[in-house]
Amino acid sequence: MLGLRIKQLRCGSGLTSSQVASYLHIDLKLYILMENDETMVNAKIVDKLCALYGCDEKVIYDTQEKLICPDMSHLQGVSLEKIANVRKLYARYVNVL
């Protein structure tokens, strides 16, 4: 089910498998295996995906959690790494308040 959740987040955000694999610094084939639940997804990958999509881990692990997918289809050419870093900073700021 984890693979389905990360695929739903990716598709809902308008990103390609290739873009997300590149952001994660992994081979596209490995990312596709993850989406198809054919290989394990480690905690580091989950952390990076949470940063990218601006969500908590429970959204990825718990199928009862509502998915809110930020539309990133219009961000062609923008570094997904930079987007993730901004979202991490924002999450830290919000949690401090």
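Here is a short walk through this protein, from its overall build down to a single residue. Keep in mind that you are looking at a predicted model.

Let us begin with the whole chain. Within the protein, buried residues make up 35% of the 97 residues. What about contacts along the chain? Counting contacts with a separation of 6 or more, 63% are made by residues 24 or more positions apart.

Now let us look at a pair of helices. Helix H2 covers residues 17-24 and helix H3 covers residues 28-35; their axes come within 9 Å and cross at roughly 110 degrees. Angles of 65 to 115 degrees count as roughly perpendicular, and H2 and H3 are therefore roughly perpendicular to each other. Which residues meet where H2 and H3 touch? From H2 come Ser17, Ser18, Val20, Ala21 and Leu24, and from H3 come Leu28, Tyr31, Ile32 and Glu35. Sorted by class, this contact has six nonpolar, two polar and one charged residues.

One residue of this contact is worth a visit of its own. Serine 17 lies in helix H2. Is serine 17 buried or exposed? Buried means under 20% relative accessible area, and serine 17 counts as buried because its relative accessibility is 17%. Leaving aside residues up to four places away in sequence, serine 17 touches Arg10 as well as Leu28, Tyr31, Ile32 and Glu35.

Our next stop is helix H4, made of residues 43-53. Eight of its eleven residues are buried, so H4 is largely enclosed by the rest of the structure. You can find these buried residues in the model: Ile45, Val46, Lys48, Leu49, Cys50, Ala51, Leu52 and Tyr53. The two ends of H4 have details of their own. At the start of H4, a side-chain oxygen of asparagine 42 reaches to within 3.1 Å of the backbone nitrogen of lysine 44. After H4 comes glycine 54, which has a positive phi, near 65 degrees.

Notes:
Residues numbered from 1 in each chain as written. Predicted model: local features only at pLDDT ≥ 70, side-chain atom pairs only at ≥ 80, totals over all residues. Heavy atoms only, no water. Axes fitted to C-alpha atoms, helices over the stretch in contact; angles between N-to-C directions. Helix = DSSP H or I, 4+ residues; strand = E, 2+ residues; numbered from the N terminus. Parallel < 35°, antiparallel > 145°, perpendicular 65-115°, else oblique. Contact = heavy atoms within 4.5 Å. Nonpolar A, V, L, I, M, F, W, Y, C, P; charged D, E, K, R; others polar. Buried < 20%, exposed > 50% of the residue type's maximum accessible area, 1.4 Å probe, protein only. Polar contact = N/O pair within 3.5 Å; in protein donor to acceptor, adjacent residues only side chain to side chain.
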